[in-house]
Amino acid sequence: MRSRFSASLAVVLSLLALPLAAQAQSQFQGQGDFRAQPFERQALDRIVAVVNQGAIMASELDARLAQVRSQLAGRGIQAPSDQELRAQVLERMIVEELQLQRAEEANLSVDDTELNRAVRSVAESNGMSLEQFADALEADGLSLALVREDIRRELLTRELIQRQVANRITISEREVERFLAQQGEAGDARYRLGHILVALPRSPSSQQVQQAQQRVRQLSEELAAGADFGALAAAHSDGGQALEGGDLGWRTAGELPTLFVDLVPTLAVGEVSEPLRSPSGFHLVKLVDRQGGQAMPAEAQRQQAQERLFQRKVNEEIETWLQELRSQAFVDIRL
């Protein structure tokens, strides 16, 4: 019950991160205290990371580690070593803390009506009433208050990204035409991808590039020798989906990062690409599965093109923005 329900909950919570192109406008008001801590402080609790003026506590890290282990088990992905997993989870928590600090600086808060609606949506997506959902969480060692706080933070992060990234993006008619030409007749072809990123800082030195090349080559060799892609991603990827085993989910050609557009259709199912270089680092891409490939009506293709071009640009801008946010922050890790 524990790992199965936690994995299901993780999937449902991901519904809150649907493409921004399809997002309804959320309502935020006031300056309420959205930084409530979901974990009680224990006498021996300690700081594991200082992030600008904020801190991440050992109790928070331990709780997140337990949650991630359960999610990985639910996905059938072998968890990395404790040391590797702690480093991956802490890095994600650092980025989340930076985003929440930016949201606080922007005086964002979540309207209770919107939050209650999102919590009910999660419960209903699990086929439960709110009361049943709370009971199931308790049986799984969680609480409705904890999940409610997670959802609140997710909504805050979405609004922050909307302001910082999405509002600056425009799509030209020429880009739409190019997208349609690129998709050709296989307008609804979809690809499920795995992704491993070995990140590079902005303006890397030659030594940093060489070290990253060595890392990605070693990972490529391990995959060729039969290593599990999801397990390697969870242990070593610097990408945002590392703790999901590098799973990027289903994407059409228009939703693929520009770097992958020409490559992915040429891969066989199960095949992993050679290392690819981009400004953000070195990438390994696995084609997990593919679907579709039939033509769509012209009007539907055009509307879909605009939405998917928008989402592609959002994804690329978010990656750049998060790297800048992380590089500009004061972070003191105390593991």
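This is a predicted model: local features need pLDDT of at least 70, side-chain atom pairs count only at pLDDT 80 or more; totals for chains, interfaces and linings use all residues.
**Group meeting talk: a sheet and its helices**

Helix α3 itself covers residues 82–105, so to speak, 24 residues in all. From its first C-alpha to its last, α3 reaches 34 Å, close to the 34 Å expected at 1.5 Å a residue.

Now, on to the sheet. In what order do the four strands come? The open sheet goes β4-β3-β6-β5, and the pairing is antiparallel. Which strands stand at the edges? Those are β4, residues 247–252, and β5, residues 276–278. Each has a single partner strand, so one side of each is left without a neighbour in the sheet. On average, neighbouring strands here are turned by 40° against each other, if you ignore direction.

For anyone new to this, strands of a sheet pair through backbone hydrogen bonds, either parallel or antiparallel.

Let's walk across, pair by pair. β3 and β4 are antiparallel, with five bridges, and Tyr 191 stands opposite Arg 251 in β4. Then β3 and β6 run antiparallel too, joined by 10 bridges. Here you can find Arg 190, whose bridge partner in β6 is Gln 291. Lastly, three bridges join β5 to β6, which is residues 281–291, and again they run antiparallel. Look for Arg 277, which stands opposite Phe 282 in β6.

What packs on this sheet? Helix α8, residues 206–224, does, touching β3, β5 and β6. Its direction makes about 30° with that of β6. Helix α9, residues 229–236, lies across β3 and β6, and runs at about 40° to β3.

So is β3 mostly covered or mostly open? Mostly covered: seven of its 10 residues are buried.

One last stop, away from the strands. Go to helix α10, residues 298–328, and pick out Arg 308. Is Arg 308 buried or exposed? Arg 308 counts as buried, because its relative accessibility is 14% and the cut-off for buried is under 20%. Arg 308 and Val 176 are 132 residues apart along the chain, yet their C-alpha atoms are separated by 9.7 Å.

Notes. Residues are numbered from 1 along each chain as its sequence is written. Side-chain values use heavy atoms; hydrogens and water are left out. Two strands pair if DSSP finds at least two bridges between them. Helices (H or I, at least four residues) and strands (E, at least two) are DSSP runs, numbered from the N terminus. Axes are lines fitted to C-alpha atoms, for helices over the stretch in contact, and angles run from 0 to 180 degrees between N-to-C directions. Contact means heavy atoms within 4.5 Å. Buried means under 20% relative accessible area, exposed over 50%, partly exposed in between (1.4 Å probe, protein chains only). The expected span of a helix is 1.5 Å times one less than its number of residues.
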